[in-house]
Amino acid sequence: MPPFCVCIIMVVWRRMQKVSVMKAISIAVAATAAIAAAVIFVLPAAPAPNSTKPAPLKLEPAPARAAAPPSSMGQVQLTFAPVVKRVAPAVVNVYAKSITQVQVNPLFSDPFFSQFFGATPEMRQRVQQSLGSGVIVRSDGIIVTNNHVVQGGSEITVALSDKREFKAKVLEADPRTDLAVLKIDAHGLPTVPFADSDRVQVGDLVLAIGDPFGVGQTVTMGIVSALARTQISAGNYQFFIQTDAAINPGNSGGALVTTDGKLAGINTAIYSRSGGNIGIGFAIPANLARRVVEGVEGGQGVKLAWIGATGQPVTSDIAQSMG
C-alpha cells in the first residue's frame, strides 16, 4: 500500500476517536473513497483493447528461375545416330545357298500314278537361298550369326555395308545354342564389342539392327522386356533376352545393341501368329555368344555344362501333396 494511503488512514482513525459513531462512519466512507481514488491515480491505466484485427501473414512466392535456353542440339533432341553410325558397319547380310532335289512332275509322287507308270520320277535341282544377318566381332573377319541362317547351306556369302561380298567359311555351327561362327578373308573390319549381358536389366533401351525381308539394313528401337526366357525353344542351353524392338524375318543373326554401342545379344526369334513383328522378339545373350567365339578361337569348340537334371513349376497341388 502506498505511504500516503497509510497517512490518510491514521488521520481518519484519530478523528474517529473524537467524534460520534455516525460521524465516524461518514468519515470512514470518505476515507475509503479517497484511498480508492488515490490507488486509481497511482496505478498505470490498462491499455485500451485494439479493435482492429492483425493483418494476415502473406506468403510471398519464391522468385521463378529463368529457364536457360538450350545451348546445343544435344539438349534439343535425343538421337542414337552416333551409336548407329559406329555400330551399323559391323552388321552384315548373310546369304546361304542350298541345293535340293525336287520332282519335275509332282504327280509321280502319288502312289496311285506310280503303279501305272512304274517309272522313277524325274528329278531336278532347285537352288534355295536364305537371308539373315550377322555381326562382326573380330576385325580379322570373325562373324557371329544364327545356326538356322546357315544350316544346310552349301555356299555362304557375306555382304558388308560397303557393298563388298566375301565367301564365308563356317567354323562352327551349333544347333544347341542356335549360334554359328563364320570366317571371311578380310582384315581391318569394324567390330561391335561384347557387352556383359548379365548386367542388362529390364527396361534398358536397346537397338535392333538387321536386314528384315531383304529391304536393306534397318534399325529399330525398344526396351528389354524380360530376361532369361526359356520357353522359346526345345534347346536346353538357351536363355533369351526378350525385347519389343521390331524384329522380323531377315533380322536373325543381327545385333541387339545397348545405347553405348555394345553387343547385348544376337537376334534370333520372334513370337508371331502372322509371321510379322508384334513386339515380342528374342535374342541370345552376348555372354553365350562370346563363349562360343572364344571356344572356336581356342580350338576347343563349344563346350557347355550339363547337370542332368530338370525342374518344373510347383503348383498348389504339388505343394499340398508334399505337405
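**Close-up views of a predicted protein model**

**View 1. Helix 6 is followed by G299, a residue with a positive phi near 75°.** The model is predicted: local features require pLDDT of at least 70 and side-chain atom pairs pLDDT 80 or more, whereas totals for chains, interfaces and linings use all residues. Residues are numbered from 1 along each chain as its sequence is written, and side-chain values use heavy atoms, with hydrogens and water left out. Helices (H or I, at least four residues) and strands (E, at least two) are DSSP runs numbered from the N terminus; the protein chain has seven helices and twelve strands. Helix 6 comprises twelve residues, 286-297, and reaches 16 Å from its first C-alpha to its last, close to the 16 Å expected at 1.5 Å a residue (1.5 Å times one less than the number of residues). Its buried residues include L288, V292, V293 and V296; buried denotes under 20% relative accessible area, exposed over 50%, and partly exposed the range in between, with a 1.4 Å probe and protein chains only. Of the 323 residues of the chain, 33% count as buried.

**View 2. A salt bridge joins E297 to R138, with the closest N and O atoms 2.9 Å apart.** A salt bridge places a side-chain nitrogen of Lys or Arg within 4 Å of a carboxyl oxygen of Asp or Glu. Because E297 lies in helix 6 and R138 in strand 2 (residues 123-138), the pair ties together parts 159 residues apart in sequence. E297 is partly exposed at 45% relative accessibility, and R138 is partly exposed at 23%. The whole structure contains five salt bridges.

**View 3. E155 and K167 meet through their side chains in a salt bridge of 2.3 Å, N to O.** This pair links distant parts of the chain, with E155 in strand 4 and K167 in strand 5, twelve residues apart. E155 is partly exposed, at 30% relative accessible area, while K167 is exposed, at 53%. The loop between strand 4 (155-159) and strand 5 (165-174) holds K163, which has a positive phi of about 80° although it is not a glycine. Most residues other than glycine have a negative phi. K163 is exposed, with a relative accessible area of 73%.

**View 4. D178 occupies the loop between strand 5 and strand 6 (179-183).** Its phi is positive, about 60°, although D178 is not a glycine. D178 is buried, at 13% relative accessible area. The side chains of D174 and R176 form a salt bridge of 3.1 Å, N to O. Here D174 is buried at 5% relative accessibility, and R176 is partly exposed at 33%.

**View 5. The rings of F240 and F282 form an edge-to-face pair, since their centres are 6.2 Å apart and their planes stand at 70°.** Rings of Phe, Tyr and Trp (its six-membered ring) pair if their centres lie within 6.5 Å; planes under 30 degrees apart count as stacked, over 60 as edge-to-face and the rest as tilted. F240 lies in strand 9 (residues 240-243) and F282 in strand 12 (residues 281-285), so the pair ties together parts 42 residues apart in sequence. Both F240 and F282 are buried.
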